[in-house]
Amino acid sequence: MIRVVLPFHLQQLANTGREVAIQVDRPVTQRSILDALETRYPVLRGTVRDHATQERRAFIRFFACGEDLSLESMDQPLPESIANGSERFMIVGAMAGG
Amino acid sequence: MSGVRVLVGTRKGAFILTSNAKRKKWEVSGPHFAGWEIYHINGSPADPDRLYASQSSGWFGQIIQRSIDGGKTWEPVDNKFAYEGNPGAHKTFDGTQQPWAFKRVWNLTPSLTDPDTVFAGVEDAALFRTTDGGKSWQELPGLRNAKGHLWQPGAVGMCLHTILLDPSNPNRIFIAISAAGAFRTDDGGETWLPINQGLKSNYELPDPEAEVGHCVHNLAMHPSRPGVLFMQKHWDVLRSDDAGGLWREVSGNLPTDFGFPIAVHAHEPETIYVVPIKSDSEHFVPDGKLRVYRSRSGGDEWEALTNGLPQSDCYVNVLRTAMAVDTLDSCGVYFGTTGGQVYASADSGDTWEPIVRDLPAVLSVEVQTLP
């Protein structure tokens, strides 16, 4: 299972806790994680990726393994530690406006 | 006993204020959707317990919420607003063309007769409709044929912010866009006419009397006379007596005719309200005084309403969707400020009291008169 960390407002929308576990077929990529997340929680469609372009929304970041993966290809396989659930895939609201 | 429900959208959530018909004691519910911008929350005239809210965020985009119990509980519905076909491009601030892109929903106006049918005015400007209670939204793309390539954003974006449904003709709808102008359909939204003749935008447009491009801030009508429209433009207050065919200025003795909202008394079709704002460079009330201006003659002659409103050191704004009226025998008038106050008058504006003083900046105020 993939462990995905959601920001506060998306936890509220999806009525979940901070971390959710979702089944994702390999190869595990940002796109496959988001596809699975949106299938499990349809209310999150459009909140992480733009409906029309399917691109990451401007103020959303993806962190994992101590790295900012936001600018990596959506289809690049993610590290094994994320695929096996030992590391979490974090969806983060970018620091802005503070 | 009848009462009122005031639906307040703010920068950081929604609030629902309720009272009986005396409108003296209020219950405050909220924040709903705390931390999100609520551009608009509105109720169905056909079913007062059916509410819709536009919930948005710079981080997480657009959500639409629906309630079937008067705002006690909510459920998210479809949030996908996809333009029909290739929407093309519109003008942007520097005069160049920019592709149409959805940003947020500014206005949710439920049908007068069907609680499952709702119109949504969005940025970049377009009109959408749901007929299944928000499960899906479809654009009415004919609007863009009304010279959409010449529309441009106002300071807050190219937003379709005002929707008026004609109670005497279900095929007639009026809308307004900043900065494109006012438009009317007479065929249920298939085709649209710019209705901007008579508007003059001397400092905003190279052709002050252009067919489109005017920064209309708000429109209002009285349901008994849907052919009579009132407009607060960027500058100028205007009226049309022929469903937008021709406008004439009725700013009269207003201290400034810049402003955002305009409203019509529930029982007096020639009594209208505006809140003058100092200028387009200084978005606050003039002279530190919060004054609603009322005309009982449909414009031209205005009186300041100040009883109960701060008359010194006040520098708030009142945004375009933030004024509304109830339909009780003694008409109630309500408005919210960027300072977080919601003021109510239970006597047509003669006297005012704050319902709440310390909300986040108020984006919208709608009022339901409950049986």
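How many residues lie between E19(B) and E20(B) in their hairpin, and which residue in the turn has a positive phi? In this predicted model, the hairpin leaves 3 residues between the two strands, and B:Asp236 in the turn takes a positive phi of about 95°. Strand E19 (residues 229-233) of chain B runs antiparallel to E20(B), with 4 bridges joining the pair. Within this pairing, B:Gln232 sits opposite B:Val237 of E20(B).

Strand E20 (residues 237-240) of chain B sends B:Val237 and B:Arg239 one way and B:Leu238 and B:Ser240 the other, and all of them are buried. E20(B) also pairs with strand E21 (residues 248-249) of chain B, again in the antiparallel sense, over 2 bridges. Here B:Leu238 has B:Glu249 in E21(B) as its bridge partner.

Turning to the interface, chain A puts 15 residues into the contact and chain B puts in 14 residues. About 1,200 Å² is buried between chain A and chain B, and carbon and sulfur atoms give 62% of that area. On the chain A side, A:His9, A:Leu13 and A:His51 lose the most area to chain B, together making up 43% of what that side buries. Helix H1 (residues 8-14) of chain A supplies the largest share of the side that touches chain B, with 3 residues. Sorted by class, that side of chain A comes out at 8 nonpolar, 5 polar and 2 charged residues.

Conventions. Residues numbered from 1 in each chain as written. Chains lettered and ligands numbered in written order. Predicted model: local features only at pLDDT ≥ 70, side-chain atom pairs only at ≥ 80, totals over all residues. Heavy atoms only, no water. Contact = heavy atoms within 4.5 Å. Buried area = accessible area lost by both parts, 1.4 Å probe. Nonpolar A, V, L, I, M, F, W, Y, C, P; charged D, E, K, R; others polar. Buried < 20%, exposed > 50% of the residue type's maximum accessible area, 1.4 Å probe, protein only. Pairing = 2+ DSSP bridges.
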